[in-house]
Amino acid sequence: MQRTPRSRLGRVAGALAALAVVAAACSSGTKAASPAASPAASPTASPAGPKMTVGFIMVGNRNDYGYNQAVYTASQAVAKAMPDVKVLTADNVPENTSVTQTMQSMVDAGAKVIFATSYGYFSYALAFAQSHPSVTVLHQGGYQTGAFPPNFGTYWGEAYEPVSLGGMAAGMVTKSGKLGFVYAFPISQTIANIDAFELGAQATDPAAKTYLVNTSSWCDPLKQKEAAAALLAQGVDVLTQHQDCQATVIEAAKAAGKYVVGYHYDARSLDPSGWLTGSAWNWAPVYTDILKTIAAGQFTGSRYNANWVGTFANGDNPLQPASFGTSVTPSMQAKILAAYDALKKPGASVFEGPVTCQNGTVLFAAGVSPTYAQINGINCLVKGVVGTLPGS
Amino acid sequence: MNGVQQALIGGIEGGTAILLPALGELVGQRAGVVNLGTEGCMLAGALAAFAVAAVTGDTWLGVGAGLLAGAACGLFHAWLVVRRRADQLASGLVVWFAALGITSVFGTGYIGRTATPLATLSVPWLSHLPAVGPILFRHDALVYAGYVLVGAVWFVLFRTRVGLVLRAVGERPAVVAAAGGHPQLVQMTAVIVGAGIAGVGGAQLSVGYVGNWFNDMTNGYGFVAVAVVLFACWRPAGVLAGSYLFGVALAAASVLQAHGVAVNQYLLDALPYAITLVALVVVARRGGAKAPEALTAALTNGAA
């Protein structure tokens with residue numbers, strides 16, 4: 001008696017579940033299914049050569065006013081600048097086997113190059129490169145310490161240098177001398193950014209302190225709000241962050257009438273007077289150059305078949321200073337831009353010694369100009385940072 | 001302002017985003033229906049509230065839209081489980097998935113925009129009380145709505161005929177039917193009202209506290225709300241305590257760090273869940289109420 005309605009219901013539930021999955025897939029913007037026909041057409045494509053299909057995978061929403069939007073914007077710029085490149089994108093792809101499935105579906109749709117753009121994709125991207133020798137896989141933000149497969153590379157920028165410029169701006173406007181940093185996870189990039197922010201702030205306010213709160217999530221608005229509220233109540237008057245989505249912390253600073261330094265994406269429009277400055281990714285030149293190298297058949301053994309790091313010195317740092325807000329006076333801007341120019345000299349870095357850890361140990365001695373690998377390996381917070389790293 | 005006060009203030013504000021959906025869920029569960037889709041109904045409420053507030057500039061219109069979106073989400077669940085006799089847990093998960101997908105699609109255009117959060121209203125006189133004044137009486141209006149709602153839910157459930165019928169449906173629907181009542185109607189109403197309140201909880205998150213929308217911004221807090229109801233033994237006072245305890249622990253993790261106190265980050269992350277769980281289990285062991293019978297039956301597929 002129970003059977004008929006139950007099984008009918010099962011179908012209804014199944015249909016709904018399918019609907020939900022479809023809806024979720026749509027939201028992730030995967031366009032991997034539609035271009036399946038294109039590889040067949042490619043031999044007759046433009047005389048410049050066969051059309052190359054490239055996939056970009058993002059961990060968050062492509063409109064997050066942050067990390068993922070920077071990737072998406074650049075991927076669309078590539079599509080425009082290189083007419084013989086077909087661009088596939090997928091966003092909201094979690095850092096688990098989903099990324100492997102997404103890479104596979106992109107390859108099934110003809111992709112020859114994959115940009116895996118989230119930190120946690122690293123091991124999946126490396127494994128995928130090893131099992132798919134005909135596909136070139138690039139990972140954004142990772143650092144490979146072992147041997148490189150001929151079809152794998154990582155790329156990033158000296159992010160901490162522009163972050164230090166934001167720290168300078170924070171040091172100039174703070175009245176309490178307390179700056180707040182909302183971060184997600186204590187990974188090497190973040191530790192370097194926290195230290196660079198504090199060092200930059202010290203350049204303009206030697207007594208400035210940076211207070212840390214973590215959220216253990218790349219985007220959890222409730223935790224971000226709690227973090228911002230705790231910091232503001234503590235007397236912090238400039239907030240900055242290393243989060244994928246920026247809006248909550250910016251809104252919290254705005255509501256409190258305090259200042260904010262951004263990261264990942266220029267979000268000045270959200271609060272022009274509270275926004276001091278920040279750093280924003282400009283990935284398009286990097287993506288374009290990598291794709292040109294691959295199209296010329298010269299990837300293996302090139303600088304991209306390694307841990308490539310863009311720098312101010314070489315003029316190719318993908319992380320650039322963002323625009324200034326209205327509270328940053330022309331004389332403050334001039335000072336920050338002068339520091340920016342100084343960082344363009346070869347060997348110049350915000351981490352030039354002497355740099356001291358919280359506990360007083362010398363991180364870099366006076367006169368030492370550390371390499372990217374050294375800075376990427378920093379596991380202490382510099383003097384002036386208030387807070388601890390897990391396990392320390 | 002000291003750290004304890006900060007944690008309590010942040011805890012009340014953030015805890016309201018748990019309290020409202022938990023109260024809604026309490027109403028539904030007292031009528032014998034569990035809604036795991038509460039997470040989804042919160043998302044629906046959060047997006048609807050933000051979208052309407054962003055387009056019209058009227059935050060309160062947004063809160064109203066959040067209520068309606070939550071109720072619509074509840075109607076979906078109620079129709080499946082009450083009218084179509086679907087499995088409650090399966091239906092709840094389907095509702096959650098559907099709401100997650102739908103809000104992700106329609107919410108894309110609203111990500112990265114900000115809305116001014118609801119204004120902080122200081123209650124005259126009360127907000128100047130020493131110690132408790134700033135903690136309890138300097139919040140946005142939805143926090144006060146939470147205070148009122150706890151009392152209202154308690155009163156309706158335990159002091160009115162409507163509440164008696166609702167609880168009777170949660171225990172023995174057949175008895176209510178035999179007495180000439182309409183158990184299905186009661187359950188439908190309870191689930192829809194409960195989900196509507198969950199929608200307001202979502203609104204508290206998007207336009208009340210945080211001031212923006214992000215896909216999957218509830219991050220599992222709807223499931224916390226459902227769990228709070230279970231561990232609070234279906235009592236409004238327990239739901240109140242559990243929700244605020246969770247909020248306070250969440251805020252405390254930030255406050256401790258902002259004060260430079262050296263505590264392991266992963267311990268702090270687990271703190272809200274651990275404290276709430278332990279506290280409610282301890283309270284429950286001291287002679288808590290029994291689960292509504294119809295709820296137990298629904299959850300064990302009639303085996304109880």
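An open sheet of 7 strands in chain A runs in the order 12-10-9-8-6-7-15, with mixed pairing. Strand 12 (319-321) and strand 15 (385-386) of chain A each have a single partner strand, so these two stand at the edges and one side of each is left without a neighbour in the sheet. The model is predicted. Chain A divides into two domains, and chain A also makes a contact with chain B.

- How much of strand 6 (residues 178-183) of chain A is buried? The count is 6 of the 6 residues, so strand 6 is largely enclosed by the rest of the structure.
- In a regular strand, side chains alternate between the two faces of the sheet.
- Both faces of strand 6 of chain A are covered. Lys178(A), Gly180(A) and Val182(A) are buried on one side, and Leu179(A), Phe181(A) and Tyr183(A) are buried on the other.
- Strand 7 (residues 209-214) of chain A runs parallel to strand 6 of chain A, and 6 bridges join the two. Within strand 7 of chain A, Val213(A) stands opposite Val182(A).

**Strands 9 and 10 of chain A**

- Strand 9 (residues 259-264) and strand 10 (residues 275-281) of chain A run parallel and are joined by 4 bridges.
- Trp275(A) in strand 10 of chain A is the bridge partner of Val260(A).
- His264(A) lies in strand 9 of chain A. Its phi is positive, about 90°, although His264(A) is not a glycine.
- Is His264(A) buried or exposed? His264(A) is buried, because 26 other C-beta atoms lie within 10 Å.

**Chain A overall and its domains**

- Chain A has 12 helices and 15 strands.
- Of the 392 residues in chain A, 54% are buried.
- Taking contacts in chain A between residues at least 6 apart in sequence, 67% join residues at least 24 apart.
- Domain 1 of chain A covers 51-157 + 283-310, and domain 2 of chain A covers 160-280 + 320-386.
- The C-alpha centres of domain 1 and domain 2 of chain A are 28 Å apart. Their contact takes 13 residues from domain 1 of chain A and 14 residues from domain 2 of chain A.
- On the domain 1 side of this contact in chain A, helix 3 (residues 67-81) of chain A gives the most, with 4 residues. That side has 7 nonpolar, 5 polar and 1 charged residues.

**Nonpolar core**

- The largest nonpolar core has 224 residues, and Ile57(A) and Leu23(B) touch the most other members.
- Helix 9 (residues 183-210) of chain B gives this core its largest share, 15 residues.
- Beyond residues up to four places away in sequence, Leu23(B) touches Leu149(B), Val150(B), Val153(B), Ile197(B) and Val239(B).

**Contact between chains A and B**

- The contact joins 46 residues of chain B to 47 residues of chain A.
- On the chain B side, the elements giving two or more residues are helix 1 (3-30), helix 4 (88-107), helix 9, helix 11 (236-258) and helix 12 (265-285) of chain B.
- Helix 4 of chain B provides the largest share of that side, 10 residues.
- By class, the side of chain B that touches chain A has 24 nonpolar, 19 polar and 3 charged residues.

**Individual residues**

- Ile294(A) sits in helix 10 (residues 284-295) of chain A. Ile294(A) counts as buried because it has 20 C-beta neighbours inside 10 Å, and a residue needs 20 or more to be buried.
- Ile294(A) and Ala339(A) are 45 residues apart along the chain, and their C-alpha atoms are separated by 36 Å.
- The peptide bond from Gly353(A) to Pro354(A) is cis, with omega near 0°. Pro354(A) is in the loop between helix 11 (330-343) and strand 13 (355-356) of chain A.
- Cys233(B) has a positive phi of about 55° although it is not a glycine. Cys233(B) is in the loop between helix 10 (221-231) and helix 11 of chain B.
- Cys233(B) counts as partly exposed, with 18 C-beta neighbours inside 10 Å.

Key. Residues numbered from 1 in each chain as written. Chains lettered and ligands numbered in written order. Predicted model: local features only at pLDDT ≥ 70, side-chain atom pairs only at ≥ 80, totals over all residues. Core = buried A, V, L, I, M, F, W, Y, C linked by C-beta atoms within 7 Å. Buried ≥ 20, exposed ≤ 12 C-beta atoms within 10 Å, placed from the backbone. Contact = placed C-beta atoms within 7 Å. Nonpolar A, V, L, I, M, F, W, Y, C, P; charged D, E, K, R; others polar. Domains from an automatic or database assignment. Pairing = 2+ DSSP bridges.
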